Amino acid sequence: MKTVRIDAKGMHYTPLNQKIRAAVADGAEEIILDNVLGQRFIGDGLRGNVRIIINGVPGGDLGMFMSGPTCIVNGNAEHAPGNTMDSGMLIIHGSAGDAVAHSMRGGKVFVKNNIGYRGGIHMKQYEEEVRPVLVVGGTAHSFLGEYMAGGIVLVLGIGKEKAMTDIGIGSGIHGGEIIIRGEVDDYLLGLGARKFKFTESDLERIAPIIKTFCEQFGYDPTEFLDTNYTRIGPASSRPFASKYVWE
Amino acid sequence: MTLGSVPPKFKVSIDHDQCMDCGRCIENCSYGVYRREGDKILIESRKCTACLRCVSMCPRDAINITEKPIDYRSHPVWTREAREDIINQARSGKIILSGMGNARDLPIIYDNLLLDACQVTTPSIDPLREPMELRTYLGKKPSKLKFKKTESGDVELDTQLAPNLKLNTPIMIGHMSFGAISLNSQLSMAKAVKEIGTYMGAGEGGLHKNLYPYQDNMIVQVASGRFGVNIDYLERGAAIEVKIGQGAKPGIGGHLPGEKVNEEVSKTRMIPLGSDAISPAPHHDIYSIEDLVQLIRSLKEATEWKKPVFVKIAAVHSVARSAAGIARSSADAVVIDGFRGGTGAAPKVFRDHVGIPIETAIASVDQELRKQGVRNEISIIASGGIRSSADLAKSIALGADAVYIGTAALISLGCRVCGNCYRNLCPWGIATQRPDLVSRLDPEAGAVQVSNLIHGWTLELGELMGGAGINSIESLRGNRDRLRGYMLDEGMLNILDVLPAGA
């Protein structure tokens, strides 16, 4: 495997991305970025199957518009990793900021710990086979899956008494699903969201996602496959249709 | 329903002495006004929208349409519109949606601005003889240029220039998405802008593959829904526009109803067939001016800083401050959309009451940017209710670099401003996805009409400039001395920074 190592210490994001693009063009299969500290836009608009290992804390919009690559972050991530991502994978060995996976259309974002506000906001799905997936090991702040139009958000609540305690879950959701381990209090649901029965077939459907998540972070998947979940989806696929009348 | 019906908006009649019974009116009316029963053509006036398709296709001028055939008791406060809106809401209890732009009879400032011409002391310029420089570059301009000498003794530019768009005329076509309008409308306009050497907006709806041949003349849009936005889309555009707001409905998002999302629209927007496409009011990754900077830079970084990025805002009270913030971000142009801007559908109360006129917005933005010393950092594109070359010339004299036209371009394709864009029934094949209606608009013929319009305005702009002794668009830009206000109050003249007529 062709590996390229880049020391990002003190480097601005533009030359850093130029080096990444050059390495990809040169056939690198793995790129290791050391001393990353707040550089935004890593992997922005990047194509290909390269694996990028980020040692440090990347800045906002990690993997934005990305199409294909995998980024593994050994640290926390900032605002909006996976923003408008098309395909590929982000694996964050820590927590992430607000608007994680904003408008993501495909690919996977796995966050080991917690995420901020508006996680999975306006995630959308076009074709059945390219379903965007956001998995959060810990918990998420308010407005999780707001305006969601497709895809799946899974919150495992590892180490928490309750997986979700913040309000506004799925407000304005009109597609996709939010699956939360354990019970979710009704008052946490946003306008337009409702709970659905979580069935055996739902568990079968999410089992491969849980297994992949556990593989990344060294968890034993057994306990997540033998537990209750709450499934939240849209009360209507046209949440605003009844708000308007024509002139 | 105790309310009963309101009077029909239009009365349609056929002059049977003229009618040759060809049935073109029946074929052409997608709203179902006409039907044949036996040897008679029957009329249901209530369905008429005054799109005038039947009138324009009638070979004998046999059709007559009158507006408001039944009078209410006249009243200066309780207008027909006020009464009908109340009746509608008493029935429904909902927000009223309407099509096209602001429909209130408010004074239009352009009409109270007059242009200058040369007489005895300075000669006018004859555009037949002298070249009129209308070429416009949009994007950041350096505040100074540095040169260096090469070894061979030549002088070479040392300053790195930001990418600019090169326009042969300061007229572009604004963003109208595939979904809101038909592919044939977009194709007509795309062919026209390519031929003329200017640009058009793709709208928030992705870029259909049939438009790829025109992509070098298209500006792609990134709006809050991010529909159709991926790296391929961003790379195809000549420039990228971040849409923050829209003049027709400042402060709120958009909503393409599922009925308009057919297979092609679904593929282009990358959303499921028949699903509603909801664009939230804010971009959920922009909650501050710093976040806007981050989005702009993310777009530049994704496209390796090769493309100008524009930011479009609705003209609202704080437009000058917003524009100054945008000028200090990495944006290359600010688009200001006035309160007369069109749209497929908007809540009526927003369309008619929110925002400010584009004339005041151009003047105050230009003034604020000059005051802050950043006018050269950014281009100003004005839009929202530009109806003629006179509006264009006045916009530039007030401080705009170029304009976007929207409704004017649609009118050149046949639109009669009936305002029923949201119904998917547009008989002109413009605001519809119904294949039989879309096929009524031939992109080749449409392109000729659109380019004729832009060409006509361009000629008129050259004549107006020549008449004023100006031979370059740069000398007209922000040249308020060539404008005079007629019957405008002192407050307005101050905002516009224009003297009254006679001064």
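**Helices and contacts in a predicted two-chain model**

Biologist: How far apart should the ends of helix α10 (residues 358–371) of chain B be at 1.5 Å a residue?
Modeller: Helices here are DSSP runs of H or I with at least four residues, strands are E runs of at least two, and both are numbered from the N terminus. The expected span is 1.5 Å times one less than the number of residues, and the end C-alpha atoms of α10(B) are 20 Å apart. That agrees with the expectation, because its 14 residues should span 20 Å. This is a predicted model, in which local features need pLDDT of at least 70, side-chain atom pairs count only at pLDDT 80 or more, and totals for chains, interfaces and linings use all residues. Residues are numbered from 1 along each chain as its sequence is written, while chains are lettered from A and ligands numbered from 1 in the order in which they are written. The span asked for is 20 Å.

Biologist: Which residue follows α10(B) with a positive phi?
Modeller: Within α10(B), the buried residues (20 or more other C-beta atoms within 10 Å of their own, with C-beta atoms placed from the backbone) include I358(B), I362(B), V365(B) and L369(B). What covers the buried residues includes α8 (319–327), β20 (379–383) and α16 (490–496) of chain B. After the helix, with phi near 70°, comes G373(B).

Biologist: Where does α2(A) bend?
Modeller: Helix α2 (residues 200–217) of chain A reaches 25 Å from its first C-alpha to its last, close to the 26 Å expected. The bend, taken as the angle between axes fitted to the seven residues ending at a position and the seven starting there, is about 40°, and P208(A) follows within four residues. The bend lies at a residue that is buried, namely I206(A).

Biologist: How many residues of chain A are in contact with chain B?
Modeller: Contact means that C-beta atoms, placed from the backbone, lie within 7 Å. The elements of chain A giving two or more residues to this side are α1 (13–25) and β12 (244–246). Chain B takes part with 31 residues, and chain A with 37.

Biologist: Which residue stands opposite Y244(A)?
Modeller: Strands pair if DSSP finds at least two bridges between them, and three bridges join β12(A) to strand β5 (residues 95–98) of chain B. These strands run parallel, and the residue in β5(B) opposite Y244(A) is I95(B).

Biologist: How far apart do the C-alpha centres of domain 1 and domain 2 of chain B lie?
Modeller: The bounds, from an automatic or database domain assignment, are 10–73 for domain 1 and 165–500 for domain 2. The contact takes nine residues from domain 1 of chain B and seven from domain 2 of chain B. Their C-alpha centres lie apart by 35 Å.

Definitions and conventions: Two residues are in contact if their C-beta atoms, placed from the backbone, lie within 7 Å. A residue is buried if 20 or more other C-beta atoms lie within 10 Å of its own, exposed if 12 or fewer, and partly exposed in between; C-beta atoms are placed from the backbone.
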